[in-house]
Amino acid sequence: MKIWIPIIVLLFAVTGLCIWDTIHTERVFDYMERESNNIYISLQSSDITNENIVNKIKSLNEYWTKEMDTLCISISRKDLQPISDYLQYLYASTINESQDDAVTYSRLLSYNIEGLSESLGVNVINLL
């Protein structure tokens, strides 16, 4: 009987970690999808020199940099790297004031976030 108590505690700890990780990953990718789509839409109607857009891109970059370390617990850094790359390209296009590059990289960023979110999220296809 003494052996069952540590096993049950360990089971609850692992289950809790899995649930927390799933919820956290969903929240991060929902935020990233929403913000990257907002940036893409904003870039289609406004110029890259708009301070509001530049601040959104900086904010998204800082958020992703902070959250990527936590996501690496359960997701390979290799899978997360394209999002980081496109965020850096997008940020560099604001420095270079290149509207065409900004639109292109914001769309690629949004597309990669959606794809990774679908492949890692909890849905029927992934459960099969």
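The following paragraphs go through a predicted model, from the overall fold to individual residues.

The protein contains five helices and zero strands, and its order along the sequence is α-α-α-α-α. Its radius of gyration is 18 Å, well over the 14 Å that the globule rule gives for 128 residues, so the protein is more spread out than a compact globule. The C-alpha trace spans about 70 × 30 × 20 Å along the principal axes. Of the 128 residues, 30% count as buried. The exposed surface comes to about 8,300 Å², of which carbon and sulfur atoms supply 59%. Contacts across the sequence can be described by separation: among those between residues at least 6 apart, 69% join residues at least 24 apart. As for charge, there are 9 positive and 17 negative side chains, and the centres of the two sets lie 10 Å apart.

Helix α1 covers residues 4-45, which makes 42 residues. From first C-alpha to last, α1 reaches 62 Å, close to the 62 Å expected at 1.5 Å a residue. The buried residues of α1 include Asp21, His24, Thr25, Val28, Phe29 and Met32. Further along α1, Glu35, Ser36, Ile39, Tyr40, Ser42 and Leu43 are also buried. Which helices do the buried residues of α1 pack against? They pack against α2 (51-71), α3 (77-96) and α4 (99-120).

Threonine 25, in helix α1, counts as buried because its relative accessibility is 9%, under the 20% cut-off. Not counting residues up to four places away in sequence, threonine 25 touches Leu71, Ser74 and Ile75. Asparagine 37 also belongs to helix α1, but with a relative accessible area of 25% it is partly exposed. Leaving aside neighbours within four places in sequence, asparagine 37 is in contact with Arg107, Ser110 and Glu114. Within the chain, asparagine 37 and tryptophan 20 are 17 residues apart, and their C-alpha atoms are separated by 26 Å.

The next residue is in helix α2, where leucine 60 is placed. Is leucine 60 buried or exposed? Its relative accessibility is 1%, so leucine 60 counts as buried. Once neighbours within four places in sequence are left aside, the contacts of leucine 60 are Tyr31, Met32, Glu35, Ser36, Ile39, Leu87 and Leu109. Among these, Met32, Glu35, Ser36 and Ile39 are themselves buried residues of α1, and Leu87 is a buried residue of α3. Leucine 60 and leucine 109 are 49 residues apart along the chain, with 11 Å between their C-alpha atoms.

Serine 76 counts as partly exposed, at 37% relative accessibility. The C-alpha atom of serine 76 is separated by 15 Å from that of valine 28, although the two are 48 residues apart along the chain.

Helix α3 has 20 residues and reaches 28 Å from its first C-alpha to its last, close to the 28 Å expected at 1.5 Å a residue. Its buried residues are Leu80, Ile83, Ser84, Leu87, Leu90, Ser93 and Thr94. They pack against α1, α2 and α4.

Between α3 and α4 lies a loop that holds glutamate 97. This residue has a positive phi of about 55° although it is not a glycine. Most residues other than glycine have a negative phi. At 55% relative accessibility, glutamate 97 counts as exposed, since the cut-off for that class is over 50%.

In helix α4, the residue to look at is serine 106. Serine 106 is buried, with a relative accessible area of 1%. Which residues is serine 106 in contact with, leaving aside its neighbours within four places in sequence? The contacts are Ile39, Tyr40, Leu43 and Leu90. Ile39, Tyr40 and Leu43 are listed among the buried residues of α1, and Leu90 among those of α3. Serine 106 and asparagine 55 are 51 residues apart in sequence and 14 Å apart in space, C-alpha to C-alpha.

Key. Residues numbered from 1 in each chain as written. Predicted model: local features only at pLDDT ≥ 70, side-chain atom pairs only at ≥ 80, totals over all residues. Heavy atoms only, no water. Helix = DSSP H or I, 4+ residues; strand = E, 2+ residues; numbered from the N terminus. Expected span 1.5 Å × (residues − 1). Buried < 20%, exposed > 50% of the residue type's maximum accessible area, 1.4 Å probe, protein only. Contact = heavy atoms within 4.5 Å. Rg over C-alpha atoms; globule rule 2.2 N^0.38 Å. Areas by Shrake-Rupley, 256 points an atom, 1.4 Å probe, with all protein chains shown as cover. Lys, Arg positive; Asp, Glu negative; His and termini not counted. Charge placed at Lys NZ, Arg CZ, Asp CG, Glu CD.
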